[in-house]
2 protein chains.
Amino acid sequence: MPAKTNAKRVVILGSGFAGVYAYLGLHDRFHARERDIEVVLVSEFDYFLFLTLLQDVATGDLLPANITYPVRTLPSCCLDRFIEGNITKINLDTGEITIEERERLLPNGQSGETKKTELRYDYLISALGSETNFFDIPGANEFTYPLKNLEDAKRIKNRVIDSFEEADELTDENEIRNTLRFIIVGGGPTGVELAGELADYVNAELTRAYPFLKGKAEIILLEGGNRLVPQMDAWFDKKVCEILSDKLGVHVRYDAKVSDVTQMGVRIGEESILSRTVIWAAGVKARKVDFVSREPLAFEKMSERVKVNAHLSLPTHENIFIVGDQAWIVDKETGMPYPMRAQFATREGDLAAENVYNHLYGQPSTEFEWKDLGFIISLGKRGALAHVMGMRISGYPAWWLHRIAYLSKIIGIRTKMRTALEWTLNAFTPRDVTRL
Amino acid sequence: MPAKTNAKRVVILGSGFAGVYAYLGLHDRFHARERDIEVVLVSEFDYFLFLTLLQDVATGDLLPANITYPVRTLPSCCLDRFIEGNITKINLDTGEITIEERERLLPNGQSGETKKTELRYDYLISALGSETNFFDIPGANEFTYPLKNLEDAKRIKNRVIDSFEEADELTDENEIRNTLRFIIVGGGPTGVELAGELADYVNAELTRAYPFLKGKAEIILLEGGNRLVPQMDAWFDKKVCEILSDKLGVHVRYDAKVSDVTQMGVRIGEESILSRTVIWAAGVKARKVDFVSREPLAFEKMSERVKVNAHLSLPTHENIFIVGDQAWIVDKETGMPYPMRAQFATREGDLAAENVYNHLYGQPSTEFEWKDLGFIISLGKRGALAHVMGMRISGYPAWWLHRIAYLSKIIGIRTKMRTALEWTLNAFTPRDVTRL
């Protein structure tokens with residue numbers, strides 16, 4: 001494709017909520033002036049991923065196509081180039097990023113090759129998101145299943161199905177129970193939503209498919225602190241625990257700090273719990289990337305997020321914006337950082353686009369400010385909890401709210417309709433039990 | 001699961017049309033007498049695959065979930081065991097088959113292992129289907145993309161998208177055209193349907209995603225004989241050629257016998273055509289499997305199908321049934337073999353189930369007999385041809401007939417509705433452009 005001359009190159013890293021909304025924000029503002037900028041999107045994946053629905057894929061509630069949207073069918077008018085690859089280095093001194101491009105299928109069925117590419121930028125919007133945080137707990141990285149991308153979700157689903165297949169061939173009662181004991185580490189939103197969906201899946205579809213294993217599976221949710229969904233108040237904790245324990249049969253354990261994971265299961269101090277499937281949902285931290293800079297960046301210690309100013313740019317480089325889970329932005333009013341959540345990431349992405357526009361045309365930058373719209377979690381079939389506009393909602397109304405809110409946020413009419421269809425069908429027919 | 005005592009074990013090999021309908025046939029007849037038999041289904045895949053829609057997946061028209069149905073959600077009442085694995089040997093002398101079981105995800109994220117299993121049978125229904133026939137043409141196996149299973153379809157889709165990505169970075173006009181030249185070898189139903197769908201995909205979605213490459217892609221269909229869709233009459237050939245050439249811009253070449261395939265493209269005698277993506281749809285033959293038997297089986301030479309009698313069993317072993325693409329069954333009326341097509345496979349599978357029942361309860365076996373219901377092919381958006389009940393139909397009516405006939409044959413309400421949704425959406429929104 002012919003290069004644009006005199007255009008400023010804006011490079012967006014990542015195709016998650018923040019990255020895609022940054023692109024849509026540029027598209028909104030520059031569509032009529034598209035000769036002024038050249039937009040390049042670089043991402044590990046060629047689709048936008050609706051990350052907060054991953055647990056639905058892991059439990060057959062949705063299919064991959066329900067939570068992804070192809071980058072290549074975003075409005076392409078303002079997208080000059082899309083590069084699929086891993087970002088390995090960001091050099092702030094030279095204004096270049098290094099990309100390890102995805103292995104391509106070579107002509108006529110030969111195996112692939114990777115190549116390294118250097119890409120210069122005038123403006124950079126880095127939205128690389130977060131990765132699983134194993135907190136240096138021995139064995140956690142090697143022996144657990146994280147849930148941070150589509151491959152992770154597929155592996156968990158396949159592993160759950162495989163566990164039932166394995167157990168179906170066993171005769172020893174203890175071995176069967178060990179094979180069907182699923183441990184979820186972490187009682188945050190991901191952990192509790194996964195526990196709820198997994199309980200539904202195990203109790204319904206998998207019990208129907210393997211009738212002899214009825215009642216032999218067990219789901220244990222381990223929370224290190226004394227509250228589930230700790231970012232919310234005690235009402236949430238109480239309600240979530242009630243639904244999981246009483247309605248869905250999940251064993252919820254508080255103050256259960258995992259000290260060690262092995263092939264055999266987990267250890268909590270002196271206690272061992274045998275399990276062949278340990279799912280790690282204990283936390284995330286900003287995606288690691290190699291920044292090269294004379295003036296060092298400031299990172300927040302716990303979450304390893306990059307500290308940016310209220311305009312979402314680096315204090316030392318006003319042409320570099322960091323947004324989404326990768327960024328540490330302090331809410332001036334409360335003095336607290338904005339949370340790593342989708343609704344914040346989308347607004348941050350959009351504001352970065354606005355500030356690129358402001359900078360390019362010499363206008364003053366806008367500061368980031370966002371009031372939480374609300375918080376919803378879904379716990380299996382028809383169970384949900386919400387905190388919206390000061391109201392606490394549970395049961396059917398919350399479940400509907402969850403479905404409607406999520407459908408409205410899914411990008412693309414096609415993906416919306418697919419997801420609506422799957423959710424509707426889930427009410428009448430069994431969920432999907434194919435390995436992915 | 002506890003073993004049944006005194007039950008006769010019926011082993012079904014394969015989960016395609018013939019295998020799944022054999023199971024459904026057993027379920028129909030034995031449901032009330034399920035203690036009399038133990039049914040084991042062995043298949044390479046844990047889903048039924050609607051094989052004749054593979055080209056739709058390869059071109060983004062449908063998604064994998066639209067053409068698959070999980071084996072684990074077939075009515076499980078009569079299915080005592082499902083084993084996912086490759087059948088490597090059938091020993092008729094000992095009455096045992098050898099299965100190389102699928103690699104399982106080991107506990108806690110460790111890589112898998114395979115194991116060999118021997119399985120005894122009382123009755124065997126072998127429905128292993130067919131595989132790509134490369135006709136020993138040099139390079140065909142190494143350098144072309146076949147289209148016989150879901151992985152093949154994904155690879156073709158990914159390769160087509162990759163070709164556009166590669167071409168988008170090139171500047172040399174010749175190199176661009178070579179990269180975007182797609183060759184399809186074989187003008188049978190698979191080849192022409194794929195050519196039609198690929199032309200639509202390339203002309204619409206991919207041109208929108210890569211506007212600078214507009215008009216640079218070329219699709220060439222090579223037919224070795226002098227007629228497209230040779231199983232039908234000259235009207236089909238003429239119509240198919242018209243639609244592909246005039247409406248869709250596919251270059252159709254007759255009498256183009258590929259003599260050689262290399263990394264650079266194909267050779268037809270002295271002529272070379274450069275192409276980096278050669279798709280092989282030239283033919284199929286029965287799946288190869290190692291039969292061990294004192295009394296040797298009879299194979300048809302060309303297609304390597306196993307010759308069975310009118311009851312679909314081996315002349316030497318009345319407890320062994322071969323059905324679907326794997327079987328050579330002669331139509332008594334015409335003296336010709338029944339074709340390797342889905343509608344025949346489903347009836348053969350069902351009849352094998354009936355004859356297991358007949359044999360077990362000492363009733364006379366039924367002979368296979370089936371009149372062709374009709375023949376439909378679909379050629380891209382709204383183009384189709386049909387020959388049904390003596391009538392030739394083209395254009396919209398044939399397209400609708402194709403959609404309705406296929407939807408009626410897809411197994412499972414859920415898969416039906418998903419497919420109906422995708423086809424409906426295809427009329428209004430772009431098809432899927434994600435690598436699979």
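User: Which residue of β12(B) is the bridge partner of B:Ile184?

Analyst: In β12(B), B:Ile184 has B:Leu221 as its bridge partner. The model is predicted, so local features need pLDDT of at least 70 and side-chain atom pairs count only at pLDDT 80 or more, while totals for chains, interfaces and linings use all residues. Residues are numbered from 1 along each chain as its sequence is written, chains are lettered from A and ligands numbered from 1 in the order in which they are written, and side-chain values use heavy atoms, without hydrogens and water.

User: What makes β11 and β12 of chain B paired strands?

Analyst: Strands (DSSP E runs of at least two residues, numbered from the N terminus) pair if DSSP finds at least two bridges between them. Five bridges join β11 (residues 181-185) to β12 (residues 218-222) of chain B, and the two run parallel. They therefore meet the criterion for pairing.

User: Why are β10 and β13 of chain B called edge strands?

Analyst: The open sheet has five strands in the order β10-β17-β11-β12-β13 (chain B), with parallel pairing. β10 (145-146) and β13 (251-253) each pair on one side only.

User: Why does B:Ile404 count as exposed?

Analyst: Exposed means over 50% relative accessible area, buried under 20% and partly exposed in between (1.4 Å probe, protein chains only). B:Ile404 has 54% relative accessibility, and therefore counts as exposed.

User: What makes α1(A) largely enclosed?

Analyst: In α1(A), 10 of the 14 residues are buried, so the rest of the structure largely encloses this helix. Among the buried residues are A:Phe17, A:Tyr23 and A:Phe30.

Technical notes: Helix = DSSP H or I, 4+ residues; strand = E, 2+ residues; numbered from the N terminus.
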